[in-house]
Amino acid sequence: MKMTALRNYREQVEETLRMELADRERMAQVALEGLRRLEAEADGDAVRYLTDAKAGLTADEVVGRYAELDALASAIRRTHEVVEEACLRRDQKLGEVLEASREKKKVEILDDRDALRVQRDLDRREHRAVDEVAGRRFLAERRQHTEPGHK
């Protein structure tokens, strides 16, 4: 595989992983926003429960409110798990992006070294050709000066 093709491939891999990372980041943000909403709702419900309890609730109302608060607490726990999982997946994808970025950089360095080597080879050939022409010219001039009848 030519270095340019490998370089392009590595760029595509990194870009694909970056898009997947952005998706995972959005999923984590959505889950976190949902968790914040549930926590805000639980805080509001707890304040209302305490206010209503001070004003006086029947036993059935206390049981009903407690069940609602318990259900909300369960939803918050489940949402915490969803957030943790989403963050874990995001972090794993970030690791993949970083690894792809390192691999792409390695290929770029190799490609740059290869281009430099090719340029040096061309420079050496050009220098040899110039030296060869100069050497021929020198020998031709020397022959002219050493030939009999040359003044």
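Hi everyone! Let me begin with a term: helices here are DSSP runs of H or I with at least four residues, while strands are runs of E with at least two. By that count, the protein has 2 helices and 0 strands. Please keep in mind that we are looking at a predicted model.

Let's talk about overall shape. Along its principal axes, the box filled by the C-alpha atoms is roughly 135 × 30 × 15 Å. The radius of gyration is 38 Å, whereas a compact globule of 151 residues would come out near 15 Å.

Now the surface and the contacts. Of the 151 residues, 17% count as buried. The accessible surface is about 11800 Å², and carbon and sulfur atoms account for 55% of that. If we take contacts between residues at least 6 apart in sequence, 85% of them join residues at least 24 apart.

And the charges? There are 31 positive and 34 negative side chains, with 11 Å between the centres of the two sets.

Where does A100 sit? You'll find A100 in helix α2, which covers residues 59–146. Is A100 buried or exposed? A100 has a relative accessible area of 5%, and buried means under 20%, so A100 is buried. Which residues does A100 touch? Leaving out residues up to four places away in sequence, A100 touches V13, E14 and L17.

Terms used. Residues are numbered from 1 along each chain as its sequence is written. This is a predicted model: local features need pLDDT of at least 70, side-chain atom pairs count only at pLDDT 80 or more; totals for chains, interfaces and linings use all residues. Side-chain values use heavy atoms; hydrogens and water are left out. The radius of gyration is taken over C-alpha atoms; the globule rule is 2.2 Å times the number of residues to the power 0.38. Buried means under 20% relative accessible area, exposed over 50%, partly exposed in between (1.4 Å probe, protein chains only). Contact means heavy atoms within 4.5 Å. Accessible areas come from the Shrake-Rupley method with a 1.4 Å probe; for residues, only the protein chains shown count as cover. Lys and Arg count as positive and Asp and Glu as negative; His and the chain ends are not counted. The place of a charge is taken as NZ of Lys, CZ of Arg, CG of Asp or CD of Glu.
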